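Student: Hi, could you walk me through this model? I have it open and would like to get my bearings.

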Amino acid sequence: MKVFKFGGASVKDAAGVKNLAEIVQTQGQGAVVVVSAMGKTTNALEELVRAYVSQRSDGMQDKLQTIRAYHENVMQSLTGDFSSVYETFDQLDAYLRQPIAGHYDEVYDQIVSLGEVLSTQIIAAYLSKAGLSTRWLDARQLIATDATFREGRVDWDETNRRINKAVKKAAVTVTQGFIGQTPDGRTTTLGREGSDYTAAIFAYCLRAESVTIWKDVPGVLNADPKWFNETVLLEKLTYQDAIELAYYGATVIHPKTIKPLQNRGIKLYVRSFLKPDAAGTVIGNFEQHLLTPSFIFKVNQLLISLHPNDFSFIAEDNLSRIFGRFAQAGVKINLMQNTAISFSVVVDNNPERVPALLDQLRQDFRVTYNEGLELITIRYYNQITIDRVLVNKKLLLEQKSRYTVQLVAKDIE
Ligand SMILES: Nc1ncnc2c1ncn2[C@@H]1O[C@H](COP(=O)(O)OP(=O)(O)O)[C@@H](O)[C@H]1O
Ligand SMILES: N[C@@H](CC(=O)OP(=O)(O)O)C(=O)O
């Protein structure tokens with residue numbers, strides 16, 4: 001069995017859905033097809049959540065209407081029985097008329113998860129109409145998670161049991177990425193960009209022969225082509241290199257995707273939905289190590305420096321307090337470094353989470369910070385590559401290990 005994953009970019013319009021159908025028909029018979037929300041629907045639903053929670057009914061109706069019109073526009077150019085899509089819109093409409101129930105993150109998951117439900121309902125209807133024997137499965141009934149809303153943690157035993165019971169032989173099984181459910185039936189999401197992870201979960205449970213992630217790029221490149229002009233396709237990658245690149249922020253693969261696949265030796269292919277016959281990248285248990293330098297850029301970074309109010313060392317007690325605060329605030333650390341009495345961390349400057357974290361940290365530490373920074377990671381670096389990325393930039397912090405260097409830098413004005 002194969003698992004295919006199609007992200008939002010691949011199904012952003014009717015032409016994308018038709019292209020998906022062609023790929024599935026020619027290369028994915030019998031596959032489990034995991035699909036994300038169409039285009040930028042998840043962002044649009046996030047805005048809808050904000051309008052709902054602040055009870056801005058006018059903004060809410062506009063946003064709902066935009067999302068609805070976008071999906072209707074896609075359906076207009078396709079054929080199929082789309083009645084389930086209209087039912088989902090009715091459910092969303094009814095939910096938004098109810099008073100707010102639960103904390104922000106829980107409300108977020110109930111609303112944002114519907115992007116994947118809508119896209120898969122459209123795609124399954126289209127595939128059926130196109131003559132493929134298609135089964136639509138509700139991933140909320142299959143991916144069992146705890147109640148950590150927006151970052152659900154998977155209960156592997158339960159998920160394994162459910163997936164193996166539910167997935168039956170069919171020409172194609174269509175299901176949603178990114179979403180799951182708590183034991184008491186509330187929807188969760190697995191973290192932004194989490195559909196790749198869903199594909200890996202299905203593959204692990206079904207002991208699939210491979211996972212293919214269909215992208216708008218030829219495969220894994222040695223840098224994001226949005227930032228770099230001359231990129232190189234990495235044809236073969238070890239699981240270790242892939243997990244390192246993803247961990248440091250190469251957004252082409254979600255970092256959680258690799259572990260389940262590595263654990264079962266399942267190959268991961270990253271291929272272009274624009275050129276479905278090209279080989280792309282294969283990730284597996286290879287001997288060879290990638291030696292091509294790879295570059296990962298993260299912008300809008302915040303360098304936070306913490307100095308204990310009582311001049312105590314940065315040792316185990318202070319560190320556990322600091323890590324506890326970060327975990328509680330849901331802020332991930334991209335880089336850290338310490339001296340005797342100061343601790344520096346670099347994080348994404350997320351306005352929803354960082355201000356509250358800084359307030360918490362100020363209870364025990366003098367806090368200073370530097371905004372508007374870039375975090376540049378180079379795997380398999382050398383001095384030439386470092387000099388290249390630092391042209392017209394001021395270096396604030398540098399951390400080197402054997403294969404990887406991380407540079408925190410600011411544009412010189
Ligand atoms: N190392 C890399 N190789 C290829 N693409 C990369 C890399 N790093 C970042 N990207 C970006 O990842 C994008 C694809 O991911 P994304 O837009 O999230 O797709 P999807 O919606 O299909 O999940 C590419 O368009 C590219 O800009
Ligand atoms: N739709 C979700 C999950 C996801 O993985 O999307 P994509 O595959 O388009 O990155 C998101 O945007 O976060």
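**Strands, sheets and ligands**

Tutor: Happy to! Let's begin with a strand pair: V35 has Q176 in β4 as its bridge partner. Helices (H or I, at least four residues) and strands (E, at least two) are DSSP runs, numbered from the N terminus. This is a predicted model, where local features need pLDDT of at least 70, side-chain atom pairs count only at pLDDT 80 or more, and totals for chains, interfaces and linings use all residues. Residues are numbered from 1 along each chain as its sequence is written, while chains are lettered from A and ligands numbered from 1 in the order in which they are written.

Student: Okay, and in which sense do β2 and β4 pair?

Tutor: Strand β2 (residues 31–35) runs parallel to β4, with five bridges between them. Two strands pair if DSSP finds at least two bridges between them.

Student: What about β3 and β4, how many bridges there?

Tutor: Three, and β3 (residues 134–136) is also parallel to β4. W136 sits opposite V174, and T134 has V172 as its bridge partner.

Student: Is β4 buried or exposed?

Tutor: Five of the five residues of β4 (residues 172–176) are buried, so this strand is largely enclosed by the rest of the structure. A residue is buried if 20 or more other C-beta atoms lie within 10 Å of its own, exposed if 12 or fewer, and partly exposed in between, with C-beta atoms placed from the backbone.

Student: Which β4 residues point which way?

Tutor: V172, V174 and Q176 point one way, T173 and T175 the other, and all are buried. In a regular strand the side chains alternate between the two faces of the sheet.

Student: Which sheet does β4 belong to?

Tutor: An open one of eight strands, ordered β3-β4-β2-β1-β7-β9-β10-β8, with mixed pairing. Its edge strands are β3 and β8 (236–238), each pairing on one side only.

Student: And what's the other sheet like, what order do its six strands have?

Tutor: That open sheet runs β12-β13-β11-β14-β16-β15, with antiparallel pairing. Seven bridges join β15 to the antiparallel strand β16 (residues 404–411), and K394 has K410 in β16 as its bridge partner.

Student: Switching topic: which residues surround ligand 2?

Tutor: Its shell is G7, G8, S36, A37, T42, G115, G177, F178, R192, E193, G194 and S195. Near here means that a residue's C-beta atom, placed from the backbone, lies within 6 Å of the molecule. By class, that shell has two nonpolar, eight polar and two charged residues. Ala, Val, Leu, Ile, Met, Phe, Trp, Tyr, Cys and Pro count as nonpolar, Asp, Glu, Lys and Arg as charged, and the others, Gly among them, as polar.

Student: And which residues come nearest to ligand 1?

Tutor: G7, A9, L221, D224 and V252, out of 18 residues around ligand 1. The shell of ligand 1 has eight nonpolar, five polar and five charged residues.

Student: Where is K275 found?

Tutor: K275 is in the loop between β9 (267–272) and β10 (281–284). K275 is exposed because 10 other C-beta atoms lie within 10 Å. K275 and W214 are 61 residues apart in sequence, and their C-alpha atoms are 9.8 Å apart in space.

Student: Last one: which domains are assigned?

Tutor: Domain 1 (2–208) and domain 2 (294–411), with bounds that come from an automatic or database domain assignment. Their C-alpha centres lie 35 Å apart.
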